[in-house]
Amino acid sequence: MTRRDTGLGWPSDPVDRGQIGAEERSTHDETPSIDEKRRQKRFSAAGATIGVLLALLGFALVVQLRSNTSDPELAAARPEDLVRILSDLEAREQRLRNEISALEASQRDLASGARGRQAALEEATRRADEVGILAGTLPAQGSGLLVRFAPGGKPVQAEAILDAVQELRGAGAEAMQIAGVGAGPAGTGGAVRIVASTAFVDADGGLLVEGQRLAAPYTITVIGDPQTMRTALNIPGGVVESVETDGGSVIVEEPGTVDVDALHVQGPLRYAKPTT
Amino acid sequence: MIAVLALVAGIALGIFFEPTVPAALQPYLPIAVVAALDAVFGGIRARLDGIFDDKQFVISFISNVLVAALIVYLGDQLGVGGQLSTGVVVVLGVRIFGNVAAIRRHLFRA
């Protein structure tokens with residue numbers, strides 16, 4: 001019985017077991033049929049219990065194995081690494097939460113301000129068109145005048161053209177271009193858009209406008225209120241009179257709708273920046 | 001025979017359902033499994049010795065699991081859960097080794 005001593009598990013009491021075994025044997029000898037039935041019944045009930053217990057054991061074993069092998073990388077990590085990973089995850093969660101709230105706020109803004117945004121966009125587009133016409137970067141069309149300067153004995157002075165432009169601006173002109181004979185860029189009919197920075201220079205009996213050489217006769221196409229501009233040109237001592245004094249002639253036509261389609265090319269601004 | 005079939009069925013169920021261990025049971029399940037394994041090896045050894053008893057097996061199985069879980073629980077409450085778990089595992093491991101040695105002698109006569 002030395003073997004039994006080495007095992008610490010049950011059966012812990014071999015003597016007791018032996019007695020029961022002897023008892024069973026004795027009953028078996030005397031009444032075999034009853035004992036057989038009892039044994040059968042006991043066996044089935046206990047066998048079922050054992051089956052259930054072992055099934056539970058297998059189940060728990062597999063569950064435990066699976067839960068243990070689920071993340072070997074984390075299981076092998078040192079506590080410091082785990083702490084670092086945890087704090088990383090928490091920081092990430094915080095970042096993502098902030099992002100979520102920011103996105104939700106902007107979503108609310110967009111949803112509530114969608115209509116206002118649409119209106120603002122339309123307004124901005126309209127303003128951009130207006131400013132484009134004033135700056136000479138967009139073609140324009142509208143009621144206006146054609147003012148033709150024909151030289152007499154002397155060529156028409158640049159000064160006279162400048163006077164006319166100033167006078168027309170004073171009378172509310174919104175877009176102007178000047179055309180001569182010949183030398184304009186292709187597609188513009190030799191016309192040059194007149195903007196705030198346009199300069200007129202006399203050159204060999206012709207006119208130098210924005211680097212373009214124009215020859216007489218000149219035609220200024222102007223969009224604005226025709227009556228006011230015509231009056232402004234014809235005032236005593238005004239443009240028409242001074243040109244005619246020099247022997248030239250000024251013809252003012254009113255064709256109804258005129259096109260100002262020459263464009264001013266604006267280079268990029270080097271110094272002025274928009275303030276917002 | 002029934003026992004082996006039941007064990008296989010339990011393993012199959014565990015693989016099939018893939019349950020996750022509830023957090024409350026996490027510290028107890030491994031100890032309980034080791035305790036149950038100890039009971040099973042004890043049962044196998046008793047069977048080979050010819051003194052296997054159903055009732056004793058069932059009671060030892062359940063009491064082993066419960067006592068192991070209780071010890072771990074107590075250790076957790078006392079703040080020495082890790083050490084007590086290790087102790088339980090060592091004791092159960094020694095018992096399993098002893099039983100397996102007895103089974104080996106029965107099977108291989110060595």
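Residues are numbered from 1 along each chain as its sequence is written, chains are lettered from A, and ligands are numbered from 1, in the order in which they are written. Because the model is predicted, local features need pLDDT of at least 70 and side-chain atom pairs count only at pLDDT 80 or more, while totals for chains, interfaces and linings use all residues.

**View 1. Chain B and its helices.** Chain B has 4 helices and 0 strands. Helices (H or I, at least four residues) and strands (E, at least two) are DSSP runs, numbered from the N terminus. Along the sequence, the pattern of chain B reads α-α-α-α. Of its 110 residues, 34% are buried. A residue is buried if 20 or more other C-beta atoms lie within 10 Å of its own, exposed if 12 or fewer, and partly exposed in between, with C-beta atoms placed from the backbone. Among contacts in chain B with a separation of 6 or more, 68% join residues 24 or more positions apart. Two residues are in contact if their C-beta atoms, placed from the backbone, lie within 7 Å.

**View 2. Helix α2 of chain B.** Helix α2(B) covers residues 28-49, which is 22 residues. From first C-alpha to last it reaches 31 Å, close to the 32 Å expected at 1.5 Å a residue. The expected span is 1.5 Å times one less than the number of residues. In α2(B), 16 of the 22 residues are buried, so the helix is largely enclosed by the rest of the structure. B:Gly50 follows α2(B), with a positive phi near 80°.

**View 3. α2 against α3 in chain B.** Helix α3(B) spans residues 54-78 and packs on α2(B) at an angle of about 150°, with the axes 8 Å apart. Axes are lines fitted to C-alpha atoms, for helices over the stretch in contact, and angles run from 0 to 180 degrees between N-to-C directions. The two helices are therefore roughly antiparallel. Angles under 35 degrees count as roughly parallel, over 145 as roughly antiparallel, 65 to 115 as roughly perpendicular and the rest as oblique. The crossing is right-handed. A crossing is left-handed if the near helix is turned anticlockwise from the far one by less than a right angle, and right-handed if clockwise. Contact residues of α2(B) include B:Tyr28, B:Ile31, B:Ala35 and B:Gly42; those of α3(B) include B:Phe57, B:Phe61, B:Asn64 and B:Val72. By class, this contact has 12 nonpolar, 4 polar and 1 charged residues. Ala, Val, Leu, Ile, Met, Phe, Trp, Tyr, Cys and Pro count as nonpolar, Asp, Glu, Lys and Arg as charged, and the others, Gly among them, as polar.

**View 4. Where chain A meets chain B.** The contact takes 30 residues from chain A and 41 residues from chain B. On chain A, α1 (2-6), α2 (14-30) and α3 (32-68) each supply at least two residues. The largest share, 21 residues, comes from α3(A). This side of chain A has 16 nonpolar, 10 polar and 4 charged residues.

**View 5. α6 and α7 of chain A.** Chain A holds 8 helices and 7 strands. Helix α6(A) (residues 158-170) and helix α7(A) (residues 226-234) cross at roughly 140°, and their axes come within 9 Å. That makes α6(A) oblique to α7(A). Their crossing is right-handed. A:Ala164, A:Glu167, A:Leu168 and A:Gly170 of α6(A) meet A:Met229, A:Ala232 and A:Leu233 of α7(A). The contact divides into 5 nonpolar, 1 polar and 1 charged residues.
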